[in-house]
Amino acid sequence: MAEADEPVVEASRAQGLMRRLYSRDDCPLLPDELDALTQNEDEHPFMVVHRLRALKEAGVAPLLKGKPVTCRVDNTERYTTRSKVRVCTLYTVRLMHGEFTWTVKRKYKHFQELHRDLFKHKIMIHLLPLGRFSTQRQQLEAMTEEMPSLHDADRVRRASSKPKYLEEYLNNLLENCFCRNYHRMLEFLEVSPLSFVGDLGPKGLEGFILKRSGGHRIQGLNCFGHHQFCFRWSRRWLVVKDSFLLYMNHEAEVISFVLLFDPEFKVLVGRCYTDTKHGVCIQNFTRTLIIKCSSYRQAQWWSHEIQRLAKPCDFFKVHRFQGFAPPRENTLTKWYVNGSDYFADVAWALDQAKEEIFITDWWLSPEVHLKRPATSNYWRLDHILNRKAEQGVKVCVLLYKEVELALGINSDYSKRVLMNMHPNIKVMRHPDHVSSIVFLWAHHEKMVAIDQSVAFVGGIDLAFGRWDDSSYRLTDLPAPGAPNHVEAPEVGDAVNLGSGESDSRPQPADARAAEKEDLSGNAQLWLGKDYSNFINKDWVQLDRPFEDNINRSQVPRMPWRDLAAVLHGKAARDVARHFIQRWNFTKIFKSKYKDNFYPCLLPKSHSTADSLPFTVPGTSRASVQVLRSVDRWSTGTCESSIHKAYVHIIENSQHYIYIENQFFISCADGKTVHNEIGDAIVKRILRAHSEQQKFRVYVVVPLLPGFEGDISAGGGNAIQAILHFTYRTMCRGEFSILTRLKEQMQEQWTQYISLCGLRTHSQLGQSLVTELIYVHSKMLIADDRRYIIGSANINDRSMLGSRDSELAVLVEDEETVLSCMGGAEYQAGPLTLALRKECFRVLLGVDSECSADIQDPVSEEFFQEVWNKTAASNARIYETVFHCLPSNSIRSLRALRELNPGDRLCETEPERAKEELGAVRGLLVHFPLNFLSEENLLPPLSSKERMVPMEVWT
C-alpha cells in the first residue's frame with residue numbers, strides 16, 4: 001500500500017476526479033503532535049483514538065506519564081473446579097491510576113504467568129547486550145525475583161496473608177518503569193491505549209476474547225450457512241465503555257467494530273444463546289455478537305460488568321416520542337433564520353475544530369463560500385476543511401448517493417474533490433442502490449458537528465443556492481469589468497417570471513481551472529452556480545462551479561428561506577452519536593469502505609459533555625431533545641420520533657401553531673398518505689371550535705414545488721404531482737383539512753387557519769420582476785414556548801421513518817418572559833418568542849414605517865387585520881402587476897394557455913406598476929387554493945412520473 005504522501009494515482013480533472021489520491025493516512029507522529037498526545041498527565045487526549053497505530057510505532061506507552069499505578073487486593077472468592085476436587089481462589093484486584101479506577105479478577109496462576117513472562121524477558125534483555133537496552137537493564141535491577149509458590153511448606157500458615165503479599169508484589173512491579181509498560185503487564189492490568197482517554201469516560205472493562213464472525217442483523221452481511229463450520233473465531237481485544245463497546249486487532253492497533261448501546265441491548269450467557277462453551281451473547285439493534293471466554297466464571301464476570309456499565313447509559317432505554325435521546329436540560333442553543341448567519345457561524349465553528357469534524361448533507365458543494373461577499377477563498381468550505389485537515393483534524397463527511405438518472409447533485413464530484421485534498425478527509429456515500437435495494441429514499445438530514453461538542457442541525461445544506469438573508473434579493477449583477485465572473489449562456493428572450501429557457505453551449509473540460517484566486521474587490525453574493533433559479537433551470541454541470549447556471553442579467557434568482565439551530569454539550573453529543581451510528585453502519589455495509597483508511601468512529605462520553613472547548617456567540621439555555629427519522633436501511637435501527645413530536649405538540653398546543661415547511665402533504669387515508677400531522681391540525685381546530693376558544697394555525701409553504709418546469713405551460717408532471725398532494729391536504733377531496741372543517745363549521749374555518757406563501761419583487765435591468773421565495777424551512781412553533789427545527793418535511797417521506805432519514809431538534813424554553821396571548825398577560829419562552837417575532841417581522845414587513853403589533857399572535861385584530869389582510873393585499877397587488885403564477889384566477893390548463901403575458905401592468909404601464917408595488921408590505925401572500933382546481937394534477941398514466949410508486953411523491 002502506498003505511503004500517505006505518495007499518490008496512488010493522479011486524478012484527471014477532465015475525467016471528473018475518478019479515483020482518490022490517498023489510500024492511507026497513518027503517517028508517523030511529528031514531534032509537536034507527539035507532545036500534544038502525551039503531555040497531559042491527567043488523561044490522554046481524544047485524538048489518541050485516531051492515532052493508535054502511530055502511537056504504537058512511536059513506542060508510546062498506554063499509561064499516563066508521571067502518574068503511578070497502585071493496586072489493592074481486597075477480596076477473594078473460593079470456588080471448586082469442574083472436577084469438584086480442587087478449590088481455587090479468585091483475587092479481586094482494585095487498581096488506581098490518576099483519576100481512573102478499575103477492577104480485575106485474577107487467579108494465582110495469572111500472577112505466576114506474569115512473573116514467568118517478566119523473568120523470561122529479563123533474561124532475553126541480558127542476553128542481548130545492546131546499548132539501546134541499557135535503560136531497561138537499570139530498571140530491571142529493582143525487580144524482585146522472589147515469587148510465592150502454591151507448594152511452599154508454609155502455604156497453609158500464610159494463606160490469610162497471601163492477598164497482602166500479592167498486593168505488595170504487584171505494587172513493587174508497578175513501581176518499575178520497564179515492568180509497568182511491558183505488554184504482558186498491560187494485558188494483566190487490562191490496559192490499552194483507549195483506557196485513559198478522558199472523553200471516552202471511565203476506564204471500563206477490557207481484555208482478550210475470542211470473537212465469532214457474523215451476527216449482523218442487517219440483510220446481506222452474514223454467511224448463508226448457520227452451521228458452526230461457517231463461523232470463524234478471531235482473537236480480539238474487547239473494550240467496554242459507558243455507552244458502547246468495541247473490539248480491535250490489538251497487534252495492528254485497528255478498531256474493527258463498534259457496538260453502540262441501545263434499547264435492544266442485552267447480554268446473555270450460556271450455550272443455549274451462544275452455541276459455544278463459555279460464550280457470551282451481546283445484542284443490540286444491528287448485531288448479535290458472540291464472544292468466547294476462557295472459563296465459566298470469566299463469562300459470568302464479563303456479563304455482569306458489561307451490564308453494569310451499560311445500565312446507567314441514556315441510550316439503554318427509549319425516551320419521549322420513542323426517541324433515542326432524552327431531553328437535555330440547560331443546553332446552550334440558538335436558532336437561525338436564513339443561511340447568512342448560519343453559514344457564518346458554521347465557518348467560525350469549523351475554524352475552532354481541534355479533533356473531529358462531522359458533516360452530513362443531502363447535497364454538499366465544496367466551493368460554497370460561507371462568509372459573503374467573498375473577497376478571498378479563506379472562508380470557502382473546501383479551503384476550510386483542507387486547512388483543518390492539514391492541522392490534524394479528522395474530517396468525516398457522509399453524503400447521500402443519489403440515483404443519477406433522477407437527480408443531478410453529483411455527489412461523486414463532491415466526494416472526489418474533498419478526498420483528493422488531504423488524507424485526513426474521508427467521504428462516504430450511501431446507499432448502494434442495488435445491494436441495499438433502496439432506490440426511492442434519500443439521506444435528507446443536514447448536520448455539522450465539531451469535536452462532538454457543538455452541532456448544527458436544520459434544513460440548510462452546505463450547498464449552492466442556500467445562502468440568503470432577510471432581504472431576499474432577486475438580482476446580483478457584477479460591477480462592470482469585475483473579475484472572477486464567468487457569464488452564463490445567452491438567453492434568447494428576456495425572462496421576468498423565471499419561466500424562460502436558456503440554451504446550452506460546449507463548456508471547457510477542466511472546469512475547476514476557471515477558478516481565480518483573486519476575489520479582492522468582489523461585491524457579489526452569489527458566484528457561479530450559487531446564483532440559481534431551479535424552477536427556471538435545475539443545476540447542471542456542477543463540476544464547473546464557477547460558471548453561471550443561468551443568465552443573471554435576464555433571469556432573477558429564486559430566494560431561499562430556511563432555518564437551522566446550533567446545540568452544545570450533551571445535545572451535541574447526541575447529534576454526533578447519530579452521525580457515528582450512520583458512519584459505522586455505512587462502513588460495515590459497503591465493502592469498499594471496510595479498509596482501514598475509513599476509521600470506525602467512537603462516541604464521546606456524556607460525562608464530559610459539559611466541558612465545552614468553545615461556544616457559539618449569542619446562545620441561550622433551553623431544554624433540547626434530538627429527534628430523527630431512521631430505518632434499518634439508513635442507520636440500522638428504526639425511529640420516527642419527529643412525527644410523534646409534531647403530532648403531540650399540535651394536539652397539546654393551547655393557543656396557536658405556526659408552521660413553515662417545504663412540503664405540506666398529510667391527512668392519512670390509510671392508502672396513499674399515512675402521516676397524521678394534518679389530522680392533528682383538524683382535531684385541534686375542531687376541539688377549539690367546540691369549546692368556543694380562540695386557536696390559530698399559520699401555515700407557510702412554497703407557492704410552487706422545487707422542480708424544474710415552465711409553470712406557464714402547466715409546470716410539468718413533477719410539479720403537478722406535488723401540487724396534487726398539497727391541495728389534497730389543504731382543500732381538495734374528502735380527506736383535506738378545509739373540507740373536514742367546512743363539514744363542521746362552514747366558512748368559519750377562516751377564523752382558525754391561514755394558508756400562505758411568500759413572494760417578492762425587484763427590478764432587473766429595465767424590467768420589473770417578481771419571484772416566489774422558496775420556503776425550504778422545516779419548522780413548527782407552538783404557544784411561544786417550544787419549537788421544532790430540522791430537516792424533516794411534512795410528508796410521508798420524512799415523517800414515517802421507514803423512508804428518508806431525517807434529523808431535528810425540539811427546543812423548549814425553561815425560562816419565561818412577560819408577553820401577551822389572546823389579549824391577556826402570558827408567560828412566553830424567550831427563545832421561542834424571539835423566533836416567532838423574527839419570522840412575523842420579516843414576513844409582514846414590520847419596520848419603522850409599518851408599526852403593526854406582532855406581540856399577540858392569537859388576537860382577532862392581528863390574525864384578521866394584520867396577517868390575513870396583508871396576505872390578501874399583497875396577493876392582489878402581485879396579480880394586478882404581474883399576473884403571476886400560481887393564481888386563483890387560473891383554474892384550468894385551458895385558462896393557463898389563454899393567459900396573455902403582454903397584458904401585465906409591469907409591461908404596459910411600468911410607472912403605475914411601481915406605484916402599486918409600493919403598497920406591498922413584507923412577503924406574505926395567500927396560497928392560491930383554486931389554482932388548476934378543475935384539473936386532475938396526478939401525472940398521466942403513460943408518463944415516467946406515474947410509473948414510479950406513488951410513495952415517491954408523498
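The lining of the largest pocket is made up of 26 nonpolar, 11 polar and 11 charged residues; here Ala, Val, Leu, Ile, Met, Phe, Trp, Tyr, Cys and Pro count as nonpolar, Asp, Glu, Lys and Arg as charged, and the others, Gly among them, as polar. The model is predicted, so local features need pLDDT of at least 70 and side-chain atom pairs count only at pLDDT 80 or more, while totals for chains, interfaces and linings use all residues. Residues are numbered from 1 along each chain as its sequence is written, and side-chain values use heavy atoms, with hydrogens and water left out.

**Largest pocket**
- This pocket has a volume of about 1500 Å³, a volume being the space filled by probe spheres set on grid points that are joined across faces, edges and corners.
- On a 1 Å grid over the protein atoms alone, a pocket is an open set of points with protein on both sides within 12 Å along at least five of seven lines, a cavity is a set where a 1.4 Å probe fits but cannot get out, and lining residues have an atom within 4 Å of a point.
- Among the 48 lining residues, Trp362, Ala406, Leu407, Phe707 and Trp953 are the closest to the centre of the pocket.
- Helix H17 (716-730), helix H19 (796-799) and helix H25 (944-947) each give two or more residues to the lining, and H17 gives the most, with five.
- Helices (H or I, at least four residues) and strands (E, at least two) are DSSP runs, numbered from the N terminus.

**Second largest cavity**
- Of its 14 lining residues, the closest to the centre are Val258, Thr286, Gln581, Asn584 and Phe585.
- H14 supplies the largest share of this lining, four residues.

**Tyr531**
- Tyr531 lies in the loop between strand S16 (454-458) and strand S17 (560-561).
- Tyr531 is buried, with a relative accessible area of 0%; buried means under 20%, exposed over 50%, and partly exposed in between (1.4 Å probe, protein chains only).
- The side chain of Tyr531 reaches the backbone nitrogen of Arg557 at 3.2 Å.

**Nonpolar cores**
- A nonpolar core is a set of buried Ala, Val, Leu, Ile, Met, Phe, Trp, Tyr and Cys residues joined through side-chain atoms within 4.5 Å.
- The largest core has 213 residues, and Phe456, Tyr658 and Trp867 have the most contacts inside it.
- Helix H21 (residues 860-882) gives this core its largest share, nine residues.
- A second, separate core has 29 residues, including Leu63 and Phe196.

Methods: Polar contact = N/O pair within 3.5 Å; in protein donor to acceptor, adjacent residues only side chain to side chain.
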